[in-house]
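Let's take a walk through a protein model together. Have a look at the picture first, and then we'll go through it piece by piece.

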Amino acid sequence: KRMVIPQALKVLRLKPERRVCKLGDLSKEFGWKHQDLIKRLEDQRKVKSEAFHKKKTAAKRARQEAMKTVKVSAEDKKILESAGFA
């Protein structure tokens, strides 16, 4: 699960007058040739991540709808309550 940690945000930690750069940009200036590959792979990862998220939320929504419409008998409800799933 991804989280935002305020203590790690660049805008909060670095002073405005300090100079900053990205490691990939600095590496490219000194001869690193794989920045385009990393960008392409990162774009693929983002597409897959979005598809996974959509599928996950759709499954969660379907489960919630099913939980609303399901009819549980009194005997089964008693068993579920004893197991802590009520």
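**A tour along the helix and around it**

A51 is partly exposed, with 47% relative accessible area. Here, buried means under 20% relative accessible area, exposed means over 50%, and partly exposed is in between, using a 1.4 Å probe and protein chains only. A51 sits in helix α3; helices are DSSP runs of H or I with at least four residues, strands are runs of E with at least two, and the numbering starts at the N terminus. Between A51 and V20 there are 33 Å from C-alpha to C-alpha, and the two are 31 residues apart in sequence.

Before we go on, a word about what you're looking at: this is a predicted model, where local features need pLDDT of at least 70 and side-chain atom pairs count only at pLDDT 80 or more, while totals for chains, interfaces and linings use all residues. Residues are numbered from 1 along each chain as its sequence is written, and side-chain values use heavy atoms, leaving out hydrogens and water.

Now for some charged partners. Side chains of opposite charge can pair when their charged atoms come close. We call it a salt bridge when a side-chain nitrogen of Lys or Arg is within 4 Å of a carboxyl oxygen of Asp or Glu. How many salt bridges does the structure hold? There are three.

Take D43 and K39 to begin with: their side chains meet in a salt bridge at 3.5 Å, N to O. Because they are four residues apart in helix α3 (residues 35-69), about one helical turn separates D43 and K39. K39 counts as exposed at 53% relative accessibility, while D43 is partly exposed at 36%.

Next up is R45, which forms a salt bridge with E42, and their closest N and O atoms are 2.6 Å apart. This pair also lies in helix α3, with R45 and E42 three residues apart, about one turn of the helix. R45 is partly exposed at 30%, and E42 is partly exposed at 32%.

Then there's K54, whose side chain meets that of E50 in a salt bridge (3.5 Å, N to O). K54 and E50 are four residues apart in helix α3, again about one turn.

R13 is exposed, with a relative accessible area of 59%. In sequence R13 and K54 are 41 residues apart, and in space their C-alpha atoms are 33 Å apart.

Let's finish with the surface. M67, V70, V72, L80 and F85 make a nonpolar surface patch of about 490 Å². For such a patch, residues need over 30% relative accessible area and no salt bridge; nonpolar side chains (Val, Leu, Ile, Met, Phe, Trp, Tyr) are joined within 5 Å, and like charges within 9 Å. Areas come from the Shrake-Rupley method with a 1.4 Å probe, and for residues only the protein chains shown count as cover. F85 counts as exposed, at 63% relative accessibility.
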